[in-house]
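Reader: I'm new to this one. Can you put it up and take my questions as they come?

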Amino acid sequence: MRDIIVGELTQAAQEIFRDFAHLLPRLIVMLVIVFVGWLIAYVIRAILRSILQFAKFDRLSERAGASQLLTHAALPTPTELVSRFVFWIAWIGFIMLGISVLGIGGLQEHVERFFFFLPRLFVALLILFFGLLIASFFARAVLLASVNANFPSPRLLSISARTIIIIFVLSMVSEELGVADQTVILAFGIAFGAVMLGLSIAFGIGGKDLAQQFLENRFLRERRTEKEDEPSPL
Amino acid sequence: MADESILSDDFIRQLIDVGEVDILVGVPTHNDAKTVEPAIRAIQEGIVKTFPRERAVILNADGGSNDGTPDVIMGASIDEQHRSFNGYTLRTLHAISTRYGNNPSSAAALRTILAAAELLRAKACTVICPESANIEAEGVANLLRPIYCDHFDFVAPIYRRHKFEGVLLTNLLYPMTRALFGQRVREPYASEFAFSGRLGSQFLNRHQWSEEFKDYDPELELTVTALSDGCRVCQTFLGTRSPTKRQARDLVDAMRQTVGVLFSALDGTFPMWSAKTASQPVPTKGPEFELSVDPLRINRKQLKEMFSAGVIELESVLKSILSSGTLSELQQLAKADEDQFRFHAELWVKSVYEFAASYHKAVMSRDHIVQALVPLYRGRMFTFLVENRTASAAEVGNNIESLCLEFERLKPYLLELWNGRK
């Protein structure tokens, strides 16, 4: 009885030691990969930061309106954010690679999925960045055109234009990431419809007097110009 | 060398039939059948009387008229002219017409005229506006004579105007080109002007004629080219200016075509204009300016309201363009009552220079920068109208002169902004 217990325990200990002996080199390789990965990610971050600073990426982001969003969310500058983001993506990539070396069955699939997801993540980020750039451009264009045409509430028009474009961009980003495709499209449809309906109601009922005043002003102004002289600026 | 690909085969055949010429008169048109005839008569009379021995051609560059404008020009008989002023040209006065496109474009019209002038080796060229009902034969001759006889390269016009007409010209374009390029050309953006074959070829080969720029009027850039290349420039008085389609433009578009083009021209000419320290008068035939002071009814209140609303609503945009000091002064001004409101010269000049520097640095879409200047111009126009409400022509002239001097005085400020020292 005693011999059987001792034999079993010895065999179990030997198996554990054998497994550990098999795992140890892989663990060391994984740690080396993780460490080297950290070094490479760190260097990539430093190089990317310098490139972005040289390319005045912060200024570009400021023009795109991305900087304001980050400031509101108490996040670092766009250059810093992108550098850190790339650092973490690169390092996580190496960690995943290290984990795959361990040869643990269930994890392999997750690692592959992560590497398949990376390109989509980059495309989504690009869509987001250029989407914000376009939203900012059109919001400013609407603001300037409304101010110069003497429309009432130019800022409201500008914010509406920006909001609609951002909603549209976010729906594209979500679709690219594959996050709740149908929900996002539905939400976009509902939000867009609500904005349009809201504007119609606001202009038709809520802003009845404003609309009347606006049309009267336009009409009266046109009549006034018949009497007033308008010297050419040129 | 002219890019012949822009000229149709038929047009090249017409040019070959004409052969080399001494004088070329370009008439860019688009649905001008009702107004073009007096201008054509003046051109014919001007050439027959003043240049009877020279080989001359009238060239109509049409932008797709559907009212028979080219037929009116080609059909304008010179025989009646001969009888009426008893003169004869010793050479054939040719008239040719071509359609450069189906939509009007100043750039395409001028490009056609310049390319034809280069192919025909014209020594002196002039462009006459088809809406110029007031242009006289003497005016056409005065535009061409300095080029053909006195070897000038560019002749700008001077018009008799109402004191409140052309405020953008008197408060920005004229003072700024004068301060930067050192020559006092009062009408840098003209629809009637003359140039030498040399300047024409130079401009034809250097100007951006791509699709991107086809909607921009190139006239102001031609003036800037003449000023920045050290060409011999003079001015000639052409009398009262007839109202044109160009003048009836929306203010934003007018700013794009003039201020936008001027700001854009500053990039390539920096070495020249940064070295100029003072301005010189240019030789002028006739009075340097003539202003009428008839009373006008102008809605000044609306100008002030649009300035104030613009400065308040565009705060986020102006923040990227103007310095904090200038923006805060403008914001204070936007709050002022109509009686207290004075957009004084120094603040106006600083604002314009800061806009020019921001345009150079492209702090945002360049078109947006030009659009953002519109409310500020309205504020300045309000002040100009108030300050000169009861002023005589001479007093208005003095006020414009002092504004020009302010532009010249503050030029170092623009240079500091340009070089990023501020």
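Reader: Is A362(B) buried, partly exposed or exposed?
Author: A362(B) counts as partly exposed, at 25% relative accessibility. Buried means under 20% relative accessible area, exposed over 50%, and partly exposed in between (1.4 Å probe, protein chains only).

Reader: Before we go on, what kind of model is this?
Author: This is a predicted model: local features need pLDDT of at least 70, side-chain atom pairs count only at pLDDT 80 or more, and totals for chains, interfaces and linings use all residues. Residues are numbered from 1 along each chain as its sequence is written, chains are lettered from A and ligands numbered from 1 in the order in which they are written, and side-chain values use heavy atoms, with hydrogens and water left out.

Reader: Back to A362(B). Where is it found?
Author: A362(B) is in the loop between α15 (345-361) and α16 of chain B. Helices (H or I, at least four residues) and strands (E, at least two) are DSSP runs, numbered from the N terminus.

Reader: What phi does A362(B) have?
Author: A positive one, about 50°, although A362(B) is not a glycine. Most residues other than glycine have a negative phi. H151(B) is also not a glycine, and has a positive phi of about 60°.

Reader: And H151(B), buried or exposed?
Author: Exposed, at 58% relative accessibility. H151(B) lies in the loop between α6 (137-148) and β5 (154-162) of chain B.

Reader: New topic. How many residues of α7(B) are buried?
Author: 15 of its 15 residues, so α7(B) is mostly covered. The helix reaches 20 Å from its first C-alpha to its last, close to the 21 Å expected at 1.5 Å a residue. That expected span is 1.5 Å times one less than the number of residues.

Reader: Where is the kink in α7(B)?
Author: At L173(B), shortly before the proline P175(B). The kink is about 30°. A bend is the angle between axes fitted to the seven residues ending at a residue and the seven starting there. Just after α7(B), G182(B) takes a positive phi of about 75°.

Reader: Where does α10(B) bend?
Author: At Q257(B), by about 25°. Helix α10 of chain B covers residues 251-268. Of its 18 residues, 13 are buried, so α10(B) is largely enclosed by the rest of the structure.

Reader: What does T326(B) touch?
Author: L347(B), S351(B), E354(B) and Y413(B), not counting residues up to four places away in sequence. Contact means heavy atoms within 4.5 Å. T326(B) is in helix α14 (residues 324-335) of chain B. With a relative accessible area of 4%, T326(B) is buried.

Reader: Which residues form the salt bridge?
Author: R155(A) and E313(B), with the closest N and O atoms 3.2 Å apart. A salt bridge is a side-chain nitrogen of Lys or Arg within 4 Å of a carboxyl oxygen of Asp or Glu. The count between chain B and chain A is one.
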